[in-house]
Every structure is written in C-alpha cells, then in structure tokens.
Amino acid sequence: MTVPPEEVERIARLAHISLDPDSLQTLTREVGAILEYVAQLEHVEAADAEPFRPGPAKAPLRPDVVRPGGKPPLPAAPKFSDGLYLVPKVGRLDDTG
Amino acid sequence: MTTAYEAAQLAAARIEAAESSGLNATIAFDPEVLLRQGREVDARTTPSRLGVGGLPLAVKDNICTVEYDTTCGSRILENYRSPYEATAVSRLKAAGGMVACKSNLDEFAMGSSSEHSAFGRVRHPVDAERVPGGSSGGSAALVAAGAVDAALGSDTGGSVRQPAAFCGVVGLKPTYGRVSRYGLIAFGSSLDQIGVIAASVQQAAAVLEVISGRDERDSTCADVDPIDISLDRQDLDGIVVGLPAEYFPSDLDPVTRKACDRAVDAMRRAGAVTRDVSLPHARLAVPCYYVIAPAEASANLARYDGVRYGARVTGQEGGEGVDDLAAMYRATRGAGFGAEVRRRIVVGTHVLSSGYYEAYYTKAQIARGRITRDFTAVFDGGVDVLFTPTTPTTAFKAGELLGDPVAMYLGDVFVCAANLAGIPAISVPIGRANGLPIGGQLMAPVFAEQTLLNVAQVMERVVDGDHELR
C-alpha cells in the first residue's frame, strides 16, 4: 500500500508533529510498509463479531466522598506563573490542520 | 543475615560495575539514594515481608518514582520529576524494597530492542554488539548482569518477556488488572501491565505478591486481594500443557525448536501431559496489535505538548513563528519524540482517522475478540497452561532491524497475543545457542498466576537454562 507523502504530512500535522523533508520521506516509506502489513486485517470477517472489552467486567469505583487532597504539587510545566500555564498566542482558527 | 544497607551497598557496587562495562542499562542511578533507602529500611521497627524486604530493584523509567526523574527514555520528558510514585513502587517500598535505579528502555516502551532510547541503546550483557530486547531492556540486562535480583518492567506487547528471553532471565507479565497501572506512564492503556523481571521464578513471584491487588487509583485494576503464592509443586502430575501448532511454524529457528523440544520432554518426564492444540487466529495477533497499540498511543501521547510537562521547543518551524501555539506544539513534539514514537503516533492517528477507522481499528478489535476466544476455548477444554517459544530467534545485532520496522514488529509474534487477551504469561530460560539465551513461554487463563508460576518453577528446575544447544 502506497501512502503519498502529502497524506503522511497531513496526518503528522493532525498529530501536531513537525517533520523535516528527510524525516517525511523516511516516515512515508515506513508508514506505507506498516499499513501494508496490517492491511491483512481486511479479511477478518465482521459478521457475528462480538465487541472486545478489555479489563474487568465491572470497573470498581471508589466511594464518592470528599477527602483532603493535600498540598498540590508544583507544576512541571516549562512556563508557569501565578497559577497560570503560559503559552504562545493561539494561531489562526484554520491552523490546526 | 544481610541487612538492607548491606544489600544496597552490594547492588550499588554491582550497578556501577555493570555501567562501567558499558551496559548503559540505567538512566538514573545515585548510590547515595540507594544507601539512604537501605538505612531507612533497617531503621524500621516493622518486619519486612519475606522475599522483598531489603531487596534493591531496578525500576523501568516509565514507572513513576519520587527518588529519580521519570523520562520514559524520551527528550520530551527529560528532567521530569513525578510528584507521586506508582502504586507498585509504593507497595514495594512499604514491604522493604528499595528503588536501586531507573532502567533504560525504548522510548515510551515502544520497541523490541532498547535501541530507541534518547539516552543511547542498552547493550546485551553477553554480547555488547547485540540488543538485550525491549522495551524493558535495561531492567533485563541489569538482572542478567547480576546487578540486581529483580526489576520492574512494563509489558504492552511482550516488553517484559522478550528482553527476559534475550537476556536469560525470568520475565512475568501478570493478568491485565492484577497489578495497578497507577503511575505507569500510559502507552496502550488496554494492553499495558507492570511486570517483573527476576533471576528466578521464586523471586518474580515474591515481587508479584507485593505489587498485586486492588487499587482505588486505577479503575482497570481488578477488585481482588493481593495474590498469595505457594510454590509448593514438586512435579507436573495432572498438569495439561497445550502446544499450539501456530507457535511452532515450519520455519521456526531450528535451535529454538530444539530448545523447546527439550523443555517439553523435561516437562513430560516431570509428569505433565502435553496436548497439541490450535489457536486459529494467532496469525492476526501482530497486525491486530500494531493497529490497537499505536491507536491508543496516539491518544495517550497527545498530552505531551510543551504546555504541562517536560520540554518545550522554541525555535523556528517551517518559517512559522513560535509565538503561535500550534507551531509550538508541532515543534515540541517533532523534536521531543524519537523516530519510533513519531512513527507509531502517525500510524495510530491514521488508523483512527475518518475513512480508515472501520477498515483498521474496528477490524482489529474484532480480531482481538477472536484471538481472546481462541485462548478461552483451549483453556476451557482442559489445558492448564500453553507452552511456546518466547521469541523466534535469539538476540539480534544492534542496528540489524532498525531500518525495517515491520521485521522488528514480527519479533513480537509469540508474545503480543497474551496482551491482546489479557492473560498472564512468563518467560523462563530453556537453553542457549552460541552463548545467547533462549526463552520458553508459558501462558495461563486470566488470574491463574498460581498455576502459571508453579508450572514455571518446576520447568525452571527440570530444564537447564544454561544448556548449550547445537
């Protein structure tokens, strides 16, 4: 299965990952090979399929009671000031991909 | 009787010696931190639990600790210090265990060779030109080198068992839900499980006893008591060992096959009855895994964006100003993630994207259900444990598979199905070829660790794991 570099670039942009031209070329080749390999799932018969549910049949829940939370830890953020996460300005609305 | 301090001293010296030899199995290690824990354990008035009291353990660097940073082997979490520790780590410390060091791994546990670490590749303890397996390669190499007797790893698609097999030690992946994932940095949430790498089955069982059991901080952790394991079995009388045909293909490496045949013979002599069985959907395990795991990874790793944790890249990206939020995200994640992580995020984003979801993700979930039901049918049919090779080959050379991700993924062919089905599995050494270890894998029904570990312990005793095969 060949995936065009434009598609890999689009997906990488959706995933918020920048790629230089060399990385894009390598990634295009490798992602194409991986998708070609997993494409054998196409032949899985979907009729009578039961959905898979991982984990315990019933998720245990803890009692819904208020408990002291202790002192909140210091944020590990690269930029944090006065209780606020500092980030660059939000770009154009059409800038997310 | 050795004190915890003396055990800490010994481990510190051995870790230093292993690292001086170029193993590169640790990401963080400070002998003073270890010795301090030894003094604290000795100073306690309450007795430590047998087997773990005074035990120094290496902890894979995707498991949160307060003594050291938790980097996941990634630049994006370089210098990240968790404000809390994993439940498994807290329980080990409460039982008298000590965090000896943080062990090196494939970045975010994605890999089968421990070559994908931002802090350099881990060397195989027998042959430095080879890989120790992955992703818990640092933990396995440290145990194999004798630096520590036990280590914590994580197993999403074989990442405890495969490096244990490559390094000639024991690797245990418990049932999904047996051990809390609280504090294990998420990769594939429906597959991830904290596991144990140890020098012996008994040591692995002792660690599992301590780290298992319900945890209100992880709702996927089963509501069951910590397991109490009695390794009292002397033989395998009455045990039915299933041999799935799909795990012994005609092109299986001949030496691996020979090692498995020897192990099966030894188990029969110990009283086991073997039965040929079939897991008809086994061939779908690797493609299924390499859709589901990247899909879950692409969602889990969305949180690393340069805002709340770790690194933020402030450079120019494609002419875009970095004072723009989306450009900062892309620059940070592009520079902070290594090639394998980027690859998996892109694959995961693709298989979840509109137009492809049904073809890949839905089909993978259907395949997962069938793979799981194959196991259930075999176990319901009277098989107590399944025996298979852990890996198709012994440890390969560093760099050999780096340019071919699909070939690397195929190395997980015998291990990833246990994660898809959530069942417990263990790798035990069953021989060597040219000095390189070979592992044999046992798998059991969900929450049947008691049986699994008892059979493994007998197998460990009746099969010489150091026997050189030709």
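Mentor: Let's start with a definition: a residue is buried if 20 or more other C-beta atoms, placed from the backbone, lie within 10 Å of its own, exposed if 12 or fewer, and partly exposed in between. This is a predicted model, where local features need pLDDT of at least 70 and side-chain atom pairs 80 or more, while totals for chains, interfaces and linings use all residues. Residues count from 1 along each chain as written, with chains lettered from A and ligands numbered from 1 in written order.

Trainee: Okay, then is Asp82(A) buried or exposed?
Mentor: Find Asp82(A) in the loop between strand 1 (80-81) and strand 2 (84-85) of chain A. Its phi is near 50 degrees, a positive value in a residue other than glycine. Asp82(A) has 5 C-beta neighbours inside 10 Å, so the label it gets is exposed.

Trainee: And Asn24(B), buried or exposed?
Mentor: Asn24(B) also has a positive phi without being a glycine, near 55 degrees. Look for it in the loop between helix 1 (4-20) and strand 1 of chain B. The count for Asn24(B) is 21 C-beta neighbours inside 10 Å, so this residue is buried.

Trainee: What pattern does chain A follow along the sequence?
Mentor: Helices (H or I, at least four residues) and strands (E, at least two) are DSSP runs, numbered from the N terminus. Going along the sequence, you read α-α-β-β.

Trainee: Which helix gives the largest share of the side of chain A that touches chain B?
Mentor: Contact here means C-beta atoms, placed from the backbone, within 7 Å. By that rule, 44 residues of chain A meet 61 of chain B. Two elements of chain A give two or more residues to its side: helix 1 (5-14) and helix 2 (21-38). The largest share, 7 residues, belongs to helix 2 of chain A.

Trainee: Which residues of helix 1 of chain A meet helix 2 of chain A?
Mentor: Look from the helix 2 side, where the partners are Leu24(A), Gln25(A), Leu27(A), Thr28(A) and Val31(A). Across from them, helix 1 of chain A brings Pro5(A), Val8(A) and Glu9(A).

Trainee: Over in chain B, which strands stand at the edges of the sheet?
Mentor: Strands pair if DSSP finds at least two bridges between them. The open, mixed sheet of chain B has 11 strands in the order 1-3-2-4-6-5-10-11-9-7-8. An edge strand has a single partner, so one side is left without a neighbour in the sheet, and in chain B that describes strand 1 (26-28) and strand 8 (273-277).

Trainee: What is the bridge partner of Ser154(B)?
Mentor: Strand 4 (150-154) and strand 6 (194-198) of chain B pair in the antiparallel sense over 5 bridges. Go to strand 6 of chain B, and the partner of Ser154(B) is Ile194(B).

Trainee: Which residues does the cis peptide bond join?
Mentor: Head for the loop between strand 3 (98-103) and helix 4 (137-144) of chain B, the place of Ser135(B). Omega is about 10 degrees for the cis bond, and the residues joined are Gly134(B) and Ser135(B).

Notes: Two residues are in contact if their C-beta atoms, placed from the backbone, lie within 7 Å.
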